[in-house]
Amino acid sequence: MNEAVVSEMPHDASRTQSGTHSGYSYAFLDELTKKSVRRAILKAVAVPGYQVPFGSTELPIARGWGTGGLQVTLSLIGPGDVLKVIDQGSDDSVNAVNIRQLVELTAPGVDTTAATEEATIIQTRHRIPEAPLHADQIMVFQVPLPEPLRVVERRESETRRMHAEADYGRIWVALYEDVVQHGRITRSAGYPVVVNGRHVMTPSPIPKWDVPRLHQAPFLSLFGAGREKRIYAVPPLTDVVPLAFDDYPFAIEDFDGAHCARCGSDDTFLVEVPQPDGSSVMSCSDESWCEARRTERGQS
Amino acid sequence: MSAIATLPTEMVRHDHVASRNAEQIALKVENLEAQYGRGCSACHELTGPEHSTNVCGQCGTVIACADVSFAVRAGRTLGIVGESGSGKTTVLRCLYGDLNPAGGTASLMTYEDGRANLFTASAQVRRRVRNFDMGMVYQHARDGLNLRISAGGNVAERLLAAEWRRVDQIRARAGHLLERMEIPRSRMDTPPSAFSGGMQQRVQIARALANGPAVVLLDEMTSGLDVSVQAGVLDLVLELQRTEGVAMVVVSHDLGVIRLLCERTMVMKNGRVVESGLTDQILEDPRHPYTQLLVSSVNA
Amino acid sequence: MSVFTPQPITHGAAGQSSATALPLRVRNLHKTFTLHVLGGKHVPAFHDVSFDAPAGGFLGIAGASGSGKSSLLKCIFRTYLADSGSVTWNLTDGSEIDLVQATDDEVLDIRRDEIGYVSQFLRPMPRVTAIDLAARPLVERGMERAEARERIADLFARVRLPRDLWDGLPVLFSGGEQQRVNLVRALAVAPRLLLLDEPTASLSPDLQAEVVTLIGEARDRGTTLVGVMHDTDLLNRLSDQVIVLDQGRRVA
């Protein structure tokens with residue numbers, strides 16, 4: 001998606017009899033497509049962690065730019081919803097902005113926001129917001145590679161068999177080999193987890209920092225992979241346990257006491273931000289959270 | 001009691017040795033049948049040793065094995081001997097779940113107390129039984145090992161599949177098993193692709209034994225090895241028979257291997273069992289024409 | 001010594017016996033080999049043989065070579081499968097089992113626990129030393145390996161097997177040396193029944209005498225013996241009773 005596409009869309013806000021807007025179906029997708037996506041979502045919720053195939057459709061953005069997550073969002077969203085879209089913690093990246101604009105344009109009655117607590121649906125690429133999430137919020141993850149077993153098995157037929165039979169020895173042995181070679185598990189983004197004690201799942205490339213937040217979470221997490229045509233889910237209050245050993249336990253990123261150069265937080269996921277002088281500083285990855293902290297501090 | 005059976009109890013989570021009644025049937029197979037092709041009503045009539053073929057003349061289906069029944073007691077070894085195409089390897093592949101049988105039953109002492117048919121269990125249950133209670137040594141190491149991961153990792157995979165979750169215990173167990181197979185601990189983290197054929201087969205045996213299985217299946221395990229190397233591998237298997245209390249099924253076309261390892265022998269031809277009995281009886285008083293031919297052809 | 005007390009075994013094909021002093025009863029045993037490789041040629045081994053072996057006694061089987069003596073022993077041991085007739089063995093627990101009809105597993109149990117067989121030919125195990133080979137049946141019955149080796153060493157000394165051969169590979173031994181390993185292996189476990197096929201064939205007279213002594217000791221411990229020997233004098237000296245086979249039939 002780019003500016004050109006958006007600007008080509010009619011802005012006259014004229015509505016057809018069926019309640020569509022701008023000549024497009026509500027939320028861009030036609031009703032049958034949304035229905036089929038919702039059906040996949042229901043199945044995904046019913047079998048936590050299981051990758052449900054779905055007929056991923058064409059969108060006015062390229063595959064690989066969040067089309068899976070967007071189809072989930074567009075199928076769920078309706079009047080009264082408030083949408084937040086983030087890209088690695090940023091509400092202002094081009095991709096996040098474009099997705100928000102597409103929804104604003106085609107789904108009347110939906111508001112968009114940067115404030116986490118206001119959102120009913122949060123579509124994200126590679127992060128979970130720092131702010132606590134609630135039972136009436138839905139996380140929609142954009143997933144590039146939904147198959148956690150791909151690293152150990154190339155063939156789709158074989159990975160599907162492995163999931164069906166809960167035959168997870170090989171992914172475990174990959175972690176074992178990691179420990180043998182490096183003295184620790186080096187896997188970071190997209191850390192494999194066991195969902196509901198059954199399916200091994202990749203939580204999309206979120207940092208390890210965010211993984212524990214999926215465990216017994218109050219909110220529903222939906223994962224959409226547009227290019228790979230898979231949808232999977234973690235329903236609220238479901239066990240999400242990272243693959244790890246009793247003597248090499250799962251650990252989140254350690255920032256070694258560093259804090260955000262802007263808001264001063266030392267309890268958030270930090271990223272390195274290059275400075276004009278060639279140096280770099282640590283800063284909150286979740287910009288809206290950082291902003292709120294700074295505002296809070298400014299007021300007090 | 002072997003050194004394996006006297007590991008700390010918390011490490012041997014699925015050790016059946018202690019509870020194994022020496023006179024218990026560990027594995028029972030009845031009327032096993034496997035075929036390639038759709039089959040027709042004449043298949044049984046038109047195949048078998050009396051027709052010198054396992055291909056049905058009417059529909060072309062291959063009856064890989066049919067009417068195969070046997071039982072193996074804990075601590076005993078059954079040999080299956082026959083030429084290529086006799087169905088002996090098919091029997092093992094069906095038991096281990098590499099191939100789906102067309103009919104028959106298999107019960108395992110350690111699965112539902114031997115009361116349930118393994119062949120009709122779900123794929124997930126079969127995988128679990130295979131991971132916890134069975135071991136297999138393939139003719140070709142590439143079928144039984146992942147040659148790219150370490151030797152220790154190959155053994156570890158079985159332990160991990162059986163839910164061992166401590167790297168130190170896994171390494172202790174894998175190292176111990178490999179040492180028993182005369183592979184020094186210093187080579188534990190080397191991939192078997194760097195090993196000789198005999199060493200690879202010994203890694204396979206260590207892997208097959210990892211979980212203290214009730215049944216170990218050995219398919220032409222020494223066929224590809226030099227005679228002098230064969231000897232070492234066979235000695236280790238003999239040693240295991242004396243210490244592990246497992247039931248073994250040994251498939252071989254080599255009567256010398258059968259005489260050495262098996263108390264009882266079953267002779268197969270064209271997918272059927274033509275004769276079975278005590279190994280010394282089969283070798284010294286063979287009754288079926290094919291067995292007589294087989295025995296008179298070699299000086300076992 | 002517990003290891004010398006055969007363990008009771010359970011079995012399917014056995015019935016309860018009347019208390020009898022005859023541990024082994026052979027009835028109407030018949031064996032013919034059919035050689036399909038030679039166009040279905042029939043080679044009779046023996047026909048309608050019946051006899052009883054008294055408990056703790058030595059039953060000798062005499063006859064010219066080819067009279068079916070060795071085949072008869074192999075049929076009792078189930079290395080050969082009889083065509084008809086019965087071999088009733090009286091188990092330790094008092095029940096009986098027909099060794100012709102018994103399952104393979106039952107026969108294996110009985111071989112492990114009750115019945116031994118010694119031929120003049122040793123079947124060496126590749127790469128297993130003489131002492132370990134002879135000790136194996138003891139170890140299979142649960143004796144510690146060290147203790148078993150000690151016991152075998154005593155017996156090796158008695159049959160004057162040169163000490164430097166104890167840890168040698170029997171496949172390289174002379175016929176007489178192999179035979180002594182075989183005998184020691186069988187006698188060490190003191191089975192309830194011992195089948196002897198020419199146990200002294202390759203031995204010098206003084207060694208024969210030692211073996212006769214050992215057989216006598218086994219008998220004193222209660223082992224029932226059934227022996228085949230071409231040496232009639234020796235056979236008569238050892239036996240409580242002698243049956244004679246001629247061309248596969250019992251003639252005396």
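This is a short tour of a predicted model, stop by stop.

Residues are numbered from 1 along each chain as its sequence is written, while chains are lettered from A and ligands numbered from 1 in the order in which they are written. Local features need pLDDT of at least 70 and side-chain atom pairs pLDDT 80 or more, whereas totals for chains, interfaces and linings use all residues; side-chain values use heavy atoms, without hydrogens and water.

**Stop 1: a charged patch.** Select A:Glu104, A:Asp111, A:Glu117 and A:Glu118, which form a patch of negative charge on the surface. Patch members have over 30% relative accessible area (Shrake-Rupley, 1.4 Å probe) and no salt bridge, with like charges joined within 9 Å. Asp and Glu count as negative, and the charge is placed at CG of Asp or CD of Glu. A:Asp111 belongs to strand S3 (residues 111–112) of chain A; strands here are DSSP runs of at least two residues, and helices are runs of at least four.

**Stop 2: a sheet in chain A.** Now show the open sheet S7-S6-S10, three antiparallel strands in chain A. Strands S7 (199–201) and S10 (240–242) of chain A are at the edges with a single partner strand each, so one side of each has no neighbour in the sheet. From one strand to the next, the twist averages 35° (between axes fitted to C-alpha atoms, on a scale from 0 to 180 degrees). Strand S6 (residues 193–195) of chain A pairs with S10(A) over three bridges; pairing takes at least two DSSP bridges. Zoom in on A:Val194, which faces A:Val241 in S10(A).

**Stop 3: a hairpin.** Still in chain A, strands S11 (residues 270–274) and S12 (residues 280–284) run antiparallel, joined by five bridges. One bridge pair to pick is A:Val271 with A:Ser283. Five residues separate the two strands of this hairpin, and A:Gly278 in the turn has a positive phi of about 95°.

**Stop 4: over to chain C.** Here an open sheet of six strands has mixed pairing, in the order S7-S8-S9-S4-S10-S11. Its edges are strands S7 (115–118) and S11 (249–250) of chain C. Strands S8 (residues 193–197) and S9 (residues 224–228) of chain C run parallel, with five bridges; C:Leu194 partners C:Leu225.

**Stop 5: between chains.** Which residue forms a salt bridge with B:Arg127? Select A:Glu165: the closest N and O atoms are 2.7 Å apart. B:Arg127 lies in helix H3 (residues 123–133) of chain B and A:Glu165 in the loop between helices H5 (156–164) and H6 (169–182) of chain A, so the pair joins two chains. Over all chains there are 51 salt bridges (a Lys or Arg side-chain nitrogen within 4 Å of an Asp or Glu carboxyl oxygen).

Terms used: Patch = residues over 30% accessible without salt bridge, like charges linked within 9 Å, V, L, I, M, F, W, Y side chains within 5 Å.
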